[in-house]
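Subject: Structure for you to look at

Dear colleague,

I am passing on a structure that is new to you, and I would be glad if you could look through it with the notes below at hand. The notes begin with the chain as a whole and then turn to single residues.

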Amino acid sequence: MTKPIILHLGDPITYNHDLYNGPLSTRFTIIRDDSPTREAFIEALKTNKYGPFVAILRPHFSSGKTMGPWDASLISLLPPSTKIFSSAGAGYNDISIPALTSRGIYYTNGAGASDEAVADTTLYMILSVFRNFTASQIAARSGDTEKFLDKHRNLASVSENPRGKVLGIIGLGRIGREVVRKVRGGLGMEVVYFDAAGRVLTEEGERELGVKWAGSIREVVEKADCVSVHCPLNEGTKGLIDREKIGWMKDGVRIVNVARGGVVVEEDLVQALRSGKVAAAALDVHEFEPVVDKRLCEMENVTLTTHVGGGAVETRIGFERLAMENILRVVGDDGEVVGEPLTAVNGREVREVWEGKNKNKEE
């Protein structure tokens, strides 16, 4: 019996060799993609170079993207045998999820693997915007004794402890919830939340986590001393934090973004920082990444990092492992769907597609 085929995109496995060389290689024939460009990959699909593969494996979020973006035109070329696109990483704004769903293809990410690291980064960002640590660090690194002494003497008068302040969470998924646990237990902040995907906890769930549903995004940002963004980038969230939303916020609010750069309109943020409407901001992600707005770079009240919120070895190991485990959960020895993935982005929608196909077959 011929084993089902997995198309492996990008770099080789780095960490989970036992899983890759064991269960995955035992059940599947793994073919590595060698297309240097999008055009070459399209030609490979058109000529059926890789055969009727049942799964796509992308075990590294930073590689295997030369053929992107994964839009409807590219996805239409995948063989009918494809059941799952299993990727590392958390974000999926370069993938047309609706196009995959319409074909009955699961898209899975590394949800969960980066929760701890991203939540820790958020904690650092929150502390930085309240305590002005970036301004202090710039002065210390300057080697200038006058700058050092100036910050030593004067930063305390414009810095505050987070305890007792209100954190407004936008997006209460896995990472958002982990952030709540850390800021409630570690920083003593109050938390209100809004979730664009409509996730609202029960009263009991809110008590257990220690959050309060604000009712709308406006009510969240109006109440918050610090707004922290934890939602995916999609058509509904692109440019979500703009001039209007910032206008609803308290004077002297702090803004933290560890989600996706496109959620925040940086031009509007710059103007709000200049006017003092926003007292400080911290961005791990950037609207035009990897380009960082030079005006933000020059501001001592802005903390900037290089999209490393999830950047920890434990995250890489988890991303890689989940990418393989999702395929093992979904595809059986005969290449057909035998189960549901662990971290599907479009799980419910794909199940509905498959149920529709099965119903049509029965009729």
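The secondary structure of the chain comes to 15 helices and 12 strands, and please keep in mind while reading that this is a predicted model.

The whole chain

The radius of gyration of the chain is 23 Å, which agrees with the value near 21 Å that a compact globule of 363 residues would have. Taken along the principal axes, the box filled by the C-alpha atoms of the chain is roughly 75 × 50 × 35 Å. When contacts with a separation of 6 or more are considered, residues 24 or more positions apart account for 70% of them. As for charge, the chain carries 45 positive and 50 negative side chains, and the centres of these two sets lie 1 Å apart.

A buried glutamate

Within helix α9, which covers residues 203-209, you will find E206. This residue is buried and yet has no salt bridge, since the nearest side chain of opposite charge, that of R207, is 7.8 Å away, whereas a salt bridge would need a side-chain nitrogen of Lys or Arg within 4 Å of a carboxyl oxygen. Which residues does E206 touch, if those up to four places away in sequence are not counted? They are Y193, L201, V211, K212 and W213.

Backbone features

Most residues other than glycine have a negative phi, and most peptide bonds are trans. Against that background, two residues and two peptide bonds in this chain deserve a look.

N132 has a positive phi of about 60 degrees although it is not a glycine, and its place is in the loop between α5 (115-131) and α6 (133-142). Is N132 buried or exposed? With a relative accessible area of 11%, N132 is buried, because buried means under 20%. Leaving aside neighbours within four places in sequence, N132 is in contact with L127, L155, V158 and S159. N132 and A156 are 24 residues apart in sequence, and their C-alpha atoms are 8.9 Å apart in space.

N48 is likewise not a glycine and has a positive phi, here of about 55 degrees, and its place is in the loop between α2 (38-46) and β3. N48 has a relative accessible area of 46%, and so N48 is partly exposed.

The bond from G68 to P69 is cis, with omega near 0 degrees, and P69 lies in the loop between β3 (55-58) and α3 (72-75). The bond from E289 to P290 is also cis, with omega near 10 degrees, and P290 lies in the loop between β11 (278-283) and α13 (294-297).

Conventions:
Residues numbered from 1 in each chain as written. Predicted model: local features only at pLDDT ≥ 70, side-chain atom pairs only at ≥ 80, totals over all residues. Heavy atoms only, no water. Helix = DSSP H or I, 4+ residues; strand = E, 2+ residues; numbered from the N terminus. Rg over C-alpha atoms; globule rule 2.2 N^0.38 Å. Contact = heavy atoms within 4.5 Å. Lys, Arg positive; Asp, Glu negative; His and termini not counted. Charge placed at Lys NZ, Arg CZ, Asp CG, Glu CD. Buried < 20%, exposed > 50% of the residue type's maximum accessible area, 1.4 Å probe, protein only.
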